[in-house]
Every structure is written in C-alpha cells, then in structure tokens.
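This briefing is meant to be read alongside the sequence and the coordinates.

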Amino acid sequence: MFRKILIANRGEIAVRILRACKMMGIKTVAVHSVIDEALMHVRLADESVCIGPDKAADSYLNIASILSAAELTGCDAIHPGVGFLSENEKFAKMVAGHGIKFIGPDPRHLAEMGDKILAKKTMASYGVPVVKGSNGNVQSIDEAMDIAEEIGYPILFKAASGGGGKGMKVANSTSEIESAFKLAKAESKSSFNDDTVYMERYLQNPRHIEVQIISDAFGNVIHLGERDCSIQRNHQKIIEEAPSTALSHDQRKVIGEIAINAVKRLGYVGVGTLEFLYENNEFFFMEMNTRLQVEHGVSEELTGIDIVKEQIRIASGERLSFSQSDVQFSGHVIEFRINAESPDTFLPSPGKVDELFFPGGNGIRIDSHLYRDYTVPPFYDSLIAKIIVHADNRADCLSKAMGALDELVIDGILNTTDLHKKLVRNNDIILGNFNIHWLEKNLGGL
Ligand code: ADP
C-alpha cells in the first residue's frame, strides 16, 4: 500500500480523498494555489505545498509544479480527484515517468475515452448502443446539413474534447445549423483548445442514467448500480439519485451488464462511469468518465462501499475486496449539489461565508470544505457542499431532505439551497416525472 499520497485537487473532493487516506493510514500532502492557503484539506493534511498563483492554469493544472511537490515531499502516489488533471493523459504518463503511481486508469484509456468521438466508436464496436449521429468530426456546414437531414432535427453539436456541458449547441432546423456549428466550435476552442465537434440527434425526453463501475487488474469488474442525474442546469447535474425511478429491475440488470461487458472489453482498471441517455426503453451511450465522479457518494451510501478506498487499493495493485454478488442496494439516496451561485440565473457568487450550519442526523451525509468565515474564491468550480440523503424509500428520502435543506444555513453568498428546497416540494419531482430538460423548462415557475 502507498505510504504518502499527494492530492492534486481542492475543495470538497480533496477533503473526501484525504478522509479515505486517513482511514487507510496513508500520509497526505495537500497542494494549493496562493489564495487557497486556508482551504480545509490544506489544514487537515500532514503536509502542504503552494504550487502557484490563483489561476488554475498556473497551479492546479501546473504539471511541473505538482510533480516537484510530489518529489519534494516523497509521495509514492498522486490522486488527481475530479476535473483539473484527472483525465489528462500527459499528466498520467509524466507521473508514471517519475516513478509515482497515478491513481487512475492506464493513460491509453484516458486518451481513448477522453476523445468522445473515439469513445463512441469503440463502444459501438463492442455492441454498446450509442446516440445516433455523425460518425466522426464534422468539418463543414455543408457536411453538417447532410448529416442533419439523415438523422433528423433537432440535432446537437458537441465538443470532441468536451466536459462540464461546454461546447454544446442545438440546431432545430436547417437555418440554425450555421450559427450552432460556429458557436460550438468557438466555445470548444476556447474551453478545450480543440475545435473538433461532432453531431448527435438531440433527444427530447431522455433521462441521464449512468453506471458506476470498479475493476481491478485481475479481471474482476463489478457495477454499483445506476445513478439518475436528470435534474440539470446548463447540461450540468445538480441532483443525483439512486435507484432511478425510470428503470425496472430488468432494465437495471440490462444496463449493468452492458457496462460490465464494455469495461471488460476495454481492459479498463480503476473506477469509472458510463453515461447514457435513456428514452423509450432504450439506452444510448454518451461518454465514459475515467475517474472518480462528484456524485460517487450516492452509490457509496446505497451500497455501503467506499469507492475512494477501493480506488486507492486497486491502484496499489490489490484485488477488489468484494464480488458482484456481495453488492447489496439498500433504500434510496438523493444528492443535492450546493453551488456558490444564484439559484435563479446560476451565475457564480463567490465571497465570504458569514454564517454556516450543516444539518445532521441519521442518513444525512455532508461532503464539504466550508467553514464559517471561509471565502469562496472566484477562480474555481462553484461546488461548495453536497448533501447526500439516505432513507429506506424515496418518499422518506424526500421528506428527510426537506428537513435537512431547511436546517442548512449558508449566509453571505448566494447558493442553490433555496432551489433545492423548492425542488423537493415539487409534484413532478415527487412523482418522478422529469427528464434532462425539465429544470430548464420549469425553473421560471418554481
Ligand atoms: P459533458 O462531458 O460536457 O458533461 P455529456 O456528453 O456528458 O457532456 O452531456 C452532458 C449533458 O448534456 C447530458 O447529461 C445531457 O443532459 C445533455 N446531452 C448530451 N448529449 C445529448 C443528446 N444527444 N441529446 C440530448 N441531450 C444531450
């Protein structure tokens, strides 16, 4: 097992990883930008190193600086967390080149699944159903017109290097193709330094269903069930739950098996998530995230399995400590993302937290790095807390969530708590009548 892990991340996920390390008796090194000196995991880690100025490009994405910190402190592994360098093939290779273990999959899987066009092709070749679309990158408006005629409107342009819902543009008819194509390309270039875009049929009524998988280097692959992440804003998740109200027992089995088979064919080792759209009883693969996900806690609470601990064990060469038949799904779990942003416009709201009170009690898990008087900086992701609620069934889970959200106090900055308070009382949410477009359509009337 590793002796000392450098956590190449910040915020709530860095605290989460640090907790797993402490439990496993592994020493921790926090790295941080100048402004993040007083971040919670920096205070809790055994050692800390400042890796650069506030802009992420100069600190959390600064490979040379992170590698020097790992060497200076004598780390034998680096956990990249989520976002930042977690899916960066070059980083994974350089970490390995320094004789340090990258806690993540083989770099070739980061590359293959990181290119969303290649990922879809690979999955289709394994018999995984994919969303209908262009077979590769779309190079011209004329080509886009031809493909749109073939697959039918509305269509969606997506960034091949995409992430975080960026670089996506819808065209409802021929007249909208040119501007959607240009906008998608421009956004993709500015966000990912790659203007390669592809096209997909834009589904009108789907749920976002994803499957959490874990596999070790000995060919053992298991899944921890699905998560329904259909409540989204700007193509980004804001509530995640398991099990999904949209799936029957049989459909759950089908998607679990599809995911396991694909991962076996890939020869993938580590934790990962296969994301699908689900409409009219059909699953369509969108992408695979080759890392830990923000919403991993939902599956942890549902199954009692510590995904981060397993991820670290697998990276150190150990076998999975359980088999598929050991995985038990208990009750219902819903996660609410609390973001430092306006609950109406979703514009970021950085600033000082003047007052803070987190709910508690049986079945309430809080993953957060916040403390009173902490100042949320304007430079990074707006996620400040995850409220993960577990109960015997969905109705109890929603009632418990109402109480927890009512107890929650985060003063001084705008945040999404009030939105969640409305959502848990909304009839469509209570009845499970929603799809990925629901929040956008209903936000004004909440
Ligand atoms: P990213 O990597 O940027 O998160 P994804 O491919 O995972 O991109 O898509 C993010 C979200 O965008 C999905 O959860 C879904 O809500 C929406 N989306 C993606 N592809 C489609 C599609 N073909 N039709 C409708 N919505 C889509």
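The model is a predicted one, and the domain assignment of its chain gives domain 1 (4–96), domain 2 (132–201) and domain 3 (207–445). A ligand is surrounded by 22 residues, and the shell around this ligand draws at least three residues from each of domain 2 and domain 3.

**Domains**

- The C-alpha centres of domain 1 and domain 2 lie 35 Å apart.

**Ligand site**

- Among the 22 residues that surround the ligand, the closest are Gly 165, Arg 201, His 208, Gln 232 and Glu 287.
- By residue class, the shell around the ligand divides into eight nonpolar, seven polar and seven charged residues.
- Four strands, β6 (155–159), β8 (197–201), β12 (270–279) and β13 (282–289), each supply at least two residues of this shell.
- Of the 550 Å² of accessible area that the ligand has on its own, the protein covers 95%.

**Glu 226**

- Glu 226 is found in strand β10, which runs over residues 221–233, and Glu 226 counts as buried because its relative accessibility is 3%, against a cut-off of under 20%.
- The side chain of Glu 226 has a polar contact of 3.0 Å with the side chain of Arg 252, and a polar atom of the Glu 226 side chain lies 2.8 Å from the backbone nitrogen of Ser 244.
- Leaving aside residues up to four places away in sequence, Glu 226 touches Ile 209, Glu 210, Val 211, Glu 241, Ala 242, Pro 243, Ser 244, Leu 247 and Arg 252.

**Helix α3**

- In helix α3 (residues 63–73), the buried residues are Ile 63, Ser 65, Ile 66, Leu 67, Ala 69, Ala 70 and Thr 73.
- The cover over these buried residues of α3 includes the strands β1 (4–7), β2 (27–33), β3 (47–52) and β4 (77–79), together with helix α4 (89–97).
- Just after α3, Gly 74 takes a positive phi of about 70°.

Key. Residues are numbered from 1 along each chain as its sequence is written. This is a predicted model: local features need pLDDT of at least 70, side-chain atom pairs count only at pLDDT 80 or more; totals for chains, interfaces and linings use all residues. Side-chain values use heavy atoms; hydrogens and water are left out. Buried means under 20% relative accessible area, exposed over 50%, partly exposed in between (1.4 Å probe, protein chains only). A polar contact is a pair of N or O atoms within 3.5 Å; within protein, one must be able to donate a hydrogen and the other to accept it, and residues adjacent in sequence count only if both atoms are side-chain atoms. Contact means heavy atoms within 4.5 Å. Domain bounds come from an automatic or database domain assignment. A residue is near a molecule or strand if one of its heavy atoms lies within 4 Å of it. Accessible areas come from the Shrake-Rupley method with a 1.4 Å probe; for residues, only the protein chains shown count as cover. Ala, Val, Leu, Ile, Met, Phe, Trp, Tyr, Cys and Pro count as nonpolar, Asp, Glu, Lys and Arg as charged, and the others, Gly among them, as polar.
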